[in-house]
Amino acid sequence: MKVLLVDAFPMVRAALTGLVEQHFAGAQVQGVDTTAAARAALAQGLPRLVLLDLRVDGGFELLQQIHREHLMLPVVVISGSDETEDALQAIGAGAMGYVPERSDLNMLVQALQLVLAGGTYVPPLKPRAEEAPTAASAAPVLPDWAELPLTPRQKHVLHLLTQGLSNKLIARELGVSVDTVKDHVAAVLKALGVNSRTQAVVIATQKAR
């Protein structure tokens with residue numbers, strides 16, 4: 001498995017390279033420190049995964065380009081920020097994972113495993129400044145999301161979205177048709193005021209804190 005790592009700091013590249021090669025058998029990490037070098041590497045052959053620090057000059061534009069030209073190539077953003085708006089911006093630009101640098105190593109490994117399996121990873125994030133704190137209130141299995149106008153079934157669908165499941169897998173889990181799942185997902189997105197599944201995951205993760 002080839003992994004392209006784009007980070008300006010040699011020590012960070014060395015640490016992430018060691019982590020990936022330790023936890024993913026057969027992984028080969030190519031580390032570069034500029035977006036120009038990253039584009040040259042991509043031109044020579046697509047990797048299985050891209051790890052990208054958006055602080056690299058032109059990093060956000062590179063993320064957008066990868067999403068535009070290589071839609072199926074997953075990118076995980078390694079970020080110094082755990083702000084909700086920063087995560088929303090990265091996910092909205094095409095990232096399939098967002099991992100703050102404060103995350104522990106196990107969380108990073110789990111995030112990469114989820115993304116490689118086709119899911120989307122977003123960690124718990126800071127509440128938005130304009131939102132008043134709410135008491136933690138969760139059901140035994142699913143987050144409560146009491147402030148959201150969702151039916152119990154829609155909350156279940158939202159929970160499965162946060163697990164990175166596709167519509168087909170959600171339909172299998174719920175024992176309903178894919179069309180029914182699409183209807184539920186559309187209702188969830190409308191209730192959250194977003195227009196994509198990945199943005200819904202970010203908001204749901206933040207509201208479940």
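Predicted model: local features only at pLDDT ≥ 70, side-chain atom pairs only at ≥ 80, totals over all residues.
View 1. As for what is tucked away, 46% of the chain's 209 residues count as buried.

**View 2. The fold, with nine helices and five strands.** Follow the chain along its sequence and the pattern reads β-α-β-α-β-α-β-α-β-α-α-α-α-α. Now for the contacts that link up this fold. Take those between residues at least 6 apart in sequence: 59% of them join residues at least 24 apart.

**View 3. Helix H2 alongside helix H3.** H2 covers residues 35-44 and H3 covers residues 59-69. Two packed helices are described by the angle between their axes and the distance between the axes. Here the axes come within 10 Å and cross at roughly 20°. Angles under 35 degrees count as roughly parallel, so H2 and H3 are roughly parallel to each other. As for handedness, H2 passes H3 in a right-handed crossing.

**View 4. The residues where H2 and H3 meet.** Which residues does H2 bring to H3? On the H2 side they are Thr-35, Ala-38, Arg-39 and Leu-42. Facing them from H3 are Gly-59, Glu-61, Leu-62, Gln-65 and Ile-66. Sorted by class, this H2 and H3 contact has four nonpolar, three polar and two charged residues.

Note on methods. Residues numbered from 1 in each chain as written. Heavy atoms only, no water. Helix = DSSP H or I, 4+ residues; strand = E, 2+ residues; numbered from the N terminus. Buried < 20%, exposed > 50% of the residue type's maximum accessible area, 1.4 Å probe, protein only. Contact = heavy atoms within 4.5 Å. Axes fitted to C-alpha atoms, helices over the stretch in contact; angles between N-to-C directions. Parallel < 35°, antiparallel > 145°, perpendicular 65-115°, else oblique. Left-handed = near helix turned anticlockwise from the far one by under 90°. Nonpolar A, V, L, I, M, F, W, Y, C, P; charged D, E, K, R; others polar.
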